[in-house]
Amino acid sequence: MKLLKEKTLGSWFSKLQQDTFYNLYYNTFEIVKADTELLRDKAFRLRHKVFYEENGFPKKAGAPEDMECDAHDDNAVHFLLIHKLTNEVAGAIRYVMPHEDRPLASLPLQELCDHPVLFMEDKVMQLGEISRLCMARFFRRREKDGSILPAYYDPEDKGKTAANGKVSYFRRRIPYAPLGLIAAAFEAALDSGRLDCVYAASPEEFEVFKKLGFDYRVLGPRLKGHGEQQPIIFNIKHSLDKMKETNPACWEIVSDRGRLHDQAIARSKDNWYERIFDKECKDAIMEKLM
(Lines give C-alpha, C1' and ligand atoms only; values in the text may rest on other atoms or scores of the structure.)
Protein backbone atom coordinates (compact mmCIF):
# COMPACT_ATOMS: atom_id res chain seq x y z
CA MET A 1 0.00 0.00 0.00
CA LYS A 2 2.84 2.39 0.87
CA LEU A 3 4.57 1.66 -2.44
CA LEU A 4 1.30 2.27 -4.29
CA LYS A 5 0.89 5.62 -2.54
CA GLU A 6 4.47 6.60 -3.41
CA LYS A 7 3.90 5.70 -7.07
CA THR A 8 0.63 7.65 -7.10
CA LEU A 9 2.32 10.67 -5.52
CA GLY A 10 5.20 10.40 -7.99
CA SER A 11 2.80 10.29 -10.94
CA TRP A 12 0.90 13.30 -9.59
CA PHE A 13 4.11 15.28 -9.11
CA SER A 14 5.32 14.33 -12.59
CA LYS A 15 2.04 15.51 -14.11
CA LEU A 16 2.29 18.76 -12.15
CA GLN A 17 5.79 19.32 -13.55
CA GLN A 18 4.52 18.68 -17.08
CA ASP A 19 1.64 21.12 -16.68
CA THR A 20 3.93 23.74 -15.20
CA PHE A 21 6.46 23.36 -18.03
CA TYR A 22 3.77 23.52 -20.71
CA ASN A 23 2.16 26.62 -19.24
CA LEU A 24 5.50 28.32 -18.67
CA TYR A 25 6.57 27.61 -22.23
CA TYR A 26 3.51 29.11 -23.85
CA ASN A 27 3.44 32.03 -21.42
CA THR A 28 6.96 32.76 -22.65
CA PHE A 29 6.79 31.94 -26.35
CA GLU A 30 4.30 32.10 -29.21
CA ILE A 31 4.47 30.11 -32.45
CA VAL A 32 3.59 32.19 -35.52
CA LYS A 33 3.11 30.83 -39.02
CA ALA A 34 5.18 32.99 -41.33
CA ASP A 35 2.59 33.18 -44.10
CA THR A 36 3.28 36.73 -45.25
CA GLU A 37 6.30 38.24 -46.99
CA LEU A 38 7.02 40.39 -43.93
CA LEU A 39 7.07 37.39 -41.57
CA ARG A 40 9.10 35.22 -43.93
CA ASP A 41 11.66 38.01 -44.26
CA LYS A 42 12.04 37.95 -40.48
CA ALA A 43 12.87 34.25 -40.68
CA PHE A 44 15.34 34.85 -43.51
CA ARG A 45 17.07 37.65 -41.58
CA LEU A 46 17.43 35.49 -38.49
CA ARG A 47 18.87 32.66 -40.61
CA HIS A 48 21.33 35.12 -42.17
CA LYS A 49 22.47 36.33 -38.78
CA VAL A 50 22.84 32.85 -37.26
CA PHE A 51 24.32 30.98 -40.22
CA TYR A 52 26.40 33.64 -41.97
CA GLU A 53 27.27 36.34 -39.44
CA GLU A 54 27.64 34.24 -36.27
CA ASN A 55 28.80 30.90 -37.68
CA GLY A 56 30.62 31.99 -40.82
CA PHE A 57 28.98 29.52 -43.20
CA PRO A 58 29.81 30.19 -46.86
CA LYS A 59 27.35 32.50 -48.56
CA LYS A 60 26.05 31.67 -52.01
CA ALA A 61 26.84 34.06 -54.82
CA GLY A 62 24.00 36.44 -55.57
CA ALA A 63 22.31 35.89 -52.18
CA PRO A 64 20.52 38.90 -50.64
CA GLU A 65 22.71 41.08 -48.44
CA ASP A 66 20.88 40.52 -45.16
CA MET A 67 18.78 37.40 -45.75
CA GLU A 68 19.46 33.66 -46.05
CA CYS A 69 17.01 32.06 -48.45
CA ASP A 70 16.98 29.50 -51.24
CA ALA A 71 14.78 27.96 -53.91
CA HIS A 72 13.20 25.54 -51.41
CA ASP A 73 11.60 28.34 -49.38
CA ASP A 74 8.82 28.75 -51.94
CA ASN A 75 7.70 25.16 -51.36
CA ALA A 76 7.99 25.28 -47.57
CA VAL A 77 5.86 26.20 -44.59
CA HIS A 78 7.70 28.64 -42.30
CA PHE A 79 7.29 29.31 -38.59
CA LEU A 80 8.68 31.84 -36.13
CA LEU A 81 9.14 31.52 -32.38
CA ILE A 82 8.28 34.85 -30.78
CA HIS A 83 9.39 35.83 -27.28
CA LYS A 84 6.23 37.40 -25.86
CA LEU A 85 7.84 39.74 -23.36
CA THR A 86 10.04 41.49 -25.94
CA ASN A 87 8.20 40.56 -29.17
CA GLU A 88 11.58 39.51 -30.55
CA VAL A 89 12.04 36.68 -33.03
CA ALA A 90 13.64 33.93 -30.96
CA GLY A 91 13.80 31.18 -33.57
CA ALA A 92 12.72 29.91 -36.96
CA ILE A 93 12.07 26.63 -38.78
CA ARG A 94 10.69 25.45 -42.10
CA TYR A 95 9.02 22.29 -43.36
CA VAL A 96 9.77 21.55 -47.03
CA MET A 97 7.43 19.35 -49.08
CA PRO A 98 8.39 17.41 -52.21
CA HIS A 99 7.40 18.77 -55.62
CA GLU A 100 4.92 16.53 -57.41
CA ASP A 101 6.36 17.54 -60.80
CA ARG A 102 10.02 17.01 -59.81
CA PRO A 103 10.17 14.84 -56.66
CA LEU A 104 13.80 13.80 -57.17
CA ALA A 105 15.00 17.41 -57.06
CA SER A 106 12.72 18.94 -54.48
CA LEU A 107 14.23 18.49 -50.98
CA PRO A 108 17.34 20.33 -49.72
CA LEU A 109 18.90 17.08 -48.49
CA GLN A 110 18.84 15.64 -52.02
CA GLU A 111 21.55 18.17 -52.93
CA LEU A 112 23.88 16.87 -50.21
CA CYS A 113 23.07 13.21 -49.55
CA ASP A 114 22.95 10.33 -52.07
CA HIS A 115 21.07 7.77 -50.00
CA PRO A 116 18.74 5.75 -52.29
CA VAL A 117 15.62 6.54 -50.26
CA LEU A 118 15.97 10.16 -51.40
CA PHE A 119 15.95 9.22 -55.08
CA MET A 120 13.02 6.84 -55.35
CA GLU A 121 9.99 8.78 -56.44
CA ASP A 122 7.43 6.84 -54.41
CA LYS A 123 9.61 7.13 -51.29
CA VAL A 124 10.28 10.85 -51.69
CA MET A 125 6.57 11.63 -52.03
CA GLN A 126 6.09 10.16 -48.55
CA LEU A 127 8.78 12.44 -47.08
CA GLY A 128 9.07 16.01 -45.96
CA GLU A 129 12.19 17.79 -44.74
CA ILE A 130 12.53 19.84 -41.57
CA SER A 131 15.36 22.34 -41.99
CA ARG A 132 16.82 25.74 -41.16
CA LEU A 133 16.01 25.29 -37.47
CA CYS A 134 17.86 28.05 -35.63
CA MET A 135 17.67 30.25 -32.55
CA ALA A 136 18.74 33.86 -31.98
CA ARG A 137 21.95 34.23 -29.98
CA PHE A 138 20.28 35.66 -26.87
CA PHE A 139 18.17 32.52 -26.58
CA ARG A 140 21.12 30.12 -26.79
CA ARG A 141 24.03 31.84 -25.08
CA ARG A 142 24.36 29.67 -22.00
CA GLU A 143 27.63 27.94 -21.21
CA LYS A 144 26.73 24.59 -22.79
CA ASP A 145 24.67 25.87 -25.70
CA GLY A 146 25.48 25.06 -29.30
CA SER A 147 26.30 27.57 -32.00
CA ILE A 148 22.87 27.35 -33.66
CA LEU A 149 20.52 25.79 -31.10
CA PRO A 150 20.39 25.74 -27.32
CA ALA A 151 21.42 22.44 -25.80
CA TYR A 152 19.14 20.30 -23.66
CA TYR A 153 20.96 19.15 -20.54
CA ASP A 154 20.23 17.79 -17.08
CA PRO A 155 18.52 19.89 -14.37
CA GLU A 156 21.61 20.11 -12.17
CA ASP A 157 23.36 22.06 -14.94
CA LYS A 158 20.60 24.64 -15.24
CA GLY A 159 20.70 26.30 -11.85
CA LYS A 160 23.85 28.35 -12.31
CA THR A 161 23.56 32.09 -12.05
CA ALA A 162 25.23 34.59 -14.32
CA ALA A 163 28.17 36.74 -13.21
CA ASN A 164 25.78 39.47 -12.07
CA GLY A 165 23.89 37.02 -9.88
CA LYS A 166 20.80 37.03 -12.10
CA VAL A 167 19.30 34.25 -14.18
CA SER A 168 16.90 34.94 -17.01
CA TYR A 169 13.64 33.28 -15.99
CA PHE A 170 12.72 31.58 -19.26
CA ARG A 171 16.31 30.50 -19.92
CA ARG A 172 16.66 28.87 -16.51
CA ARG A 173 13.31 27.10 -16.68
CA ILE A 174 13.07 26.16 -20.38
CA PRO A 175 16.03 23.97 -21.30
CA TYR A 176 15.18 23.47 -24.96
CA ALA A 177 13.40 26.46 -26.42
CA PRO A 178 12.90 25.12 -30.01
CA LEU A 179 10.33 22.55 -28.83
CA GLY A 180 7.44 24.67 -30.07
CA LEU A 181 9.07 25.04 -33.48
CA ILE A 182 9.41 21.26 -33.74
CA ALA A 183 5.73 20.93 -32.84
CA ALA A 184 4.84 23.39 -35.60
CA ALA A 185 6.89 21.46 -38.16
CA PHE A 186 5.27 18.19 -37.04
CA GLU A 187 1.82 19.72 -37.49
CA ALA A 188 2.75 20.96 -40.97
CA ALA A 189 3.89 17.44 -41.88
CA LEU A 190 0.68 15.89 -40.55
CA ASP A 191 -1.44 18.48 -42.36
CA SER A 192 0.31 17.47 -45.60
CA GLY A 193 -0.53 13.83 -44.92
CA ARG A 194 3.05 12.79 -44.12
CA LEU A 195 4.59 11.10 -41.10
CA ASP A 196 8.16 10.53 -42.29
CA CYS A 197 10.70 13.34 -42.15
CA VAL A 198 14.35 13.84 -43.02
CA TYR A 199 16.63 16.26 -41.25
CA ALA A 200 20.32 17.20 -41.29
CA ALA A 201 21.40 17.27 -37.63
CA SER A 202 24.50 18.90 -36.21
CA PRO A 203 26.71 16.73 -33.96
CA GLU A 204 25.47 18.61 -30.90
CA GLU A 205 21.87 17.76 -31.71
CA PHE A 206 22.29 14.00 -31.40
CA GLU A 207 22.56 14.16 -27.62
CA VAL A 208 19.57 16.48 -27.63
CA PHE A 209 17.51 14.07 -29.71
CA LYS A 210 18.49 11.20 -27.43
CA LYS A 211 17.28 13.05 -24.34
CA LEU A 212 14.12 14.21 -26.05
CA GLY A 213 13.38 10.65 -27.12
CA PHE A 214 13.61 10.95 -30.91
CA ASP A 215 13.61 7.62 -32.74
CA TYR A 216 15.64 8.01 -35.95
CA ARG A 217 17.87 6.26 -38.46
CA VAL A 218 21.06 7.62 -39.98
CA LEU A 219 21.04 8.02 -43.77
CA GLY A 220 24.76 8.26 -44.35
CA PRO A 221 28.02 9.94 -43.34
CA ARG A 222 28.24 13.51 -42.12
CA LEU A 223 27.78 16.21 -44.73
CA LYS A 224 29.58 19.45 -45.40
CA GLY A 225 26.94 22.13 -45.55
CA HIS A 226 25.96 24.46 -42.74
CA GLY A 227 28.64 22.94 -40.55
CA GLU A 228 29.04 19.17 -40.25
CA GLN A 229 25.58 17.65 -40.44
CA GLN A 230 24.29 14.10 -40.14
CA PRO A 231 21.36 13.18 -42.40
CA ILE A 232 18.66 11.26 -40.53
CA ILE A 233 15.15 9.98 -41.15
CA PHE A 234 12.44 9.59 -38.53
CA ASN A 235 8.75 8.89 -38.17
CA ILE A 236 6.66 11.39 -36.22
CA LYS A 237 4.39 8.79 -34.63
CA HIS A 238 7.28 6.58 -33.49
CA SER A 239 9.23 9.57 -32.18
CA LEU A 240 6.26 10.82 -30.17
CA ASP A 241 5.69 7.29 -28.84
CA LYS A 242 9.24 7.16 -27.53
CA MET A 243 9.28 10.77 -26.32
CA LYS A 244 6.15 10.19 -24.25
CA GLU A 245 8.02 7.51 -22.31
CA THR A 246 11.46 9.13 -22.25
CA ASN A 247 10.66 12.80 -21.72
CA PRO A 248 6.95 13.41 -20.99
CA ALA A 249 7.40 17.10 -20.14
CA CYS A 250 8.87 17.83 -23.57
CA TRP A 251 6.33 15.49 -25.19
CA GLU A 252 3.57 17.71 -23.78
CA ILE A 253 4.88 20.62 -25.87
CA VAL A 254 5.94 18.78 -29.03
CA SER A 255 2.65 16.87 -29.17
CA ASP A 256 0.57 19.83 -27.96
CA ARG A 257 -0.63 17.80 -25.00
CA GLY A 258 -1.24 14.74 -27.16
CA ARG A 259 -3.25 16.42 -29.93
CA LEU A 260 -0.57 15.91 -32.59
CA HIS A 261 0.23 12.45 -31.24
CA ASP A 262 -3.40 11.44 -31.76
CA GLN A 263 -3.24 12.76 -35.34
CA ALA A 264 -0.02 10.83 -35.97
CA ILE A 265 -1.52 7.61 -34.60
CA ALA A 266 -4.55 8.05 -36.85
CA ARG A 267 -2.30 8.44 -39.90
CA SER A 268 0.25 5.81 -39.00
CA LYS A 269 0.82 2.42 -40.51
CA ASP A 270 2.75 -0.48 -38.98
CA ASN A 271 6.32 -1.30 -39.82
CA TRP A 272 7.41 2.08 -41.13
CA TYR A 273 11.03 0.92 -41.21
CA GLU A 274 10.08 -1.87 -43.62
CA ARG A 275 7.94 0.51 -45.69
CA ILE A 276 10.74 3.06 -46.10
CA PHE A 277 13.68 0.65 -46.20
CA ASP A 278 12.01 -2.10 -48.24
CA LYS A 279 13.71 -4.56 -50.62
CA GLU A 280 13.91 -2.03 -53.46
CA CYS A 281 15.74 0.45 -51.24
CA LYS A 282 18.04 -2.23 -49.77
CA ASP A 283 18.91 -3.54 -53.25
CA ALA A 284 19.82 -0.02 -54.34
CA ILE A 285 22.09 0.40 -51.32
CA MET A 286 23.85 -2.89 -52.05
CA GLU A 287 24.26 -1.95 -55.72
CA LYS A 288 25.83 1.34 -54.69
CA LEU A 289 28.27 -0.41 -52.35
CA MET A 290 29.39 -2.97 -54.96
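The largest nonpolar core has 63 residues, and those that touch the most other members are Ile130, Leu179, Phe186, Tyr199, Phe234 and Ile236. A nonpolar core is here a set of buried Ala, Val, Leu, Ile, Met, Phe, Trp, Tyr and Cys residues joined through side-chain atoms within 4.5 Å. Helix α5 (residues 179-191) supplies the largest share of this core, namely 10 residues; helices (H or I, at least four residues) and strands (E, at least two) are DSSP runs numbered from the N terminus. Apart from this core lies another, of 17 residues, including Ala76, Cys113, Ile233 and Phe277.

This is a predicted model, in which local features need pLDDT of at least 70 and side-chain atom pairs count only at pLDDT 80 or more, while totals for chains, interfaces and linings use all residues. Residues are numbered from 1 along each chain as its sequence is written, and side-chain values use heavy atoms, with hydrogens and water left out.

When neighbours within four places in sequence are set aside, Ile236 is in contact (heavy atoms within 4.5 Å) with Phe186, Ala189, Arg194, Leu195, Cys197 and Ala264.

A search of the whole structure finds two cavities of 30 Å³ or more, a cavity being a set of points, on a 1 Å grid over the protein atoms alone, where a 1.4 Å probe fits but cannot get out. The largest cavity holds about 80 Å³ of space, where volume is the space filled by probe spheres set on the points, which are joined across faces, edges and corners. Its lining (residues with an atom within 4 Å of a point) consists of Ile93, Ile130, Leu133, Ile182, Phe186, Tyr199, Phe209, Phe214 and Phe234. Strand β4 (127-135) and helix α5 are the elements that give two or more residues to this lining.

| Residue | Relative accessible area | Class |
|---|---|---|
| Cys69 | 28% | partly exposed |
| Cys197 | 0% | buried |
| Ala71 | 63% | exposed |

Ala71 is found in the loop between α2 (37-54) and β2 (76-83), and its C-alpha lies 9.3 Å from that of Ser106, although the two are 35 residues apart in sequence.

For the protein chain as a whole, there are 11 helices and eight strands, and buried residues make up 50% of its 290 residues.

Note on methods: Buried means under 20% relative accessible area, exposed over 50%, partly exposed in between (1.4 Å probe, protein chains only). On a 1 Å grid over the protein atoms alone, a cavity is a set of points where a 1.4 Å probe fits but cannot get out, and a pocket is an open set with protein on both sides within 12 Å along at least five of seven lines; lining residues have an atom within 4 Å of a point.
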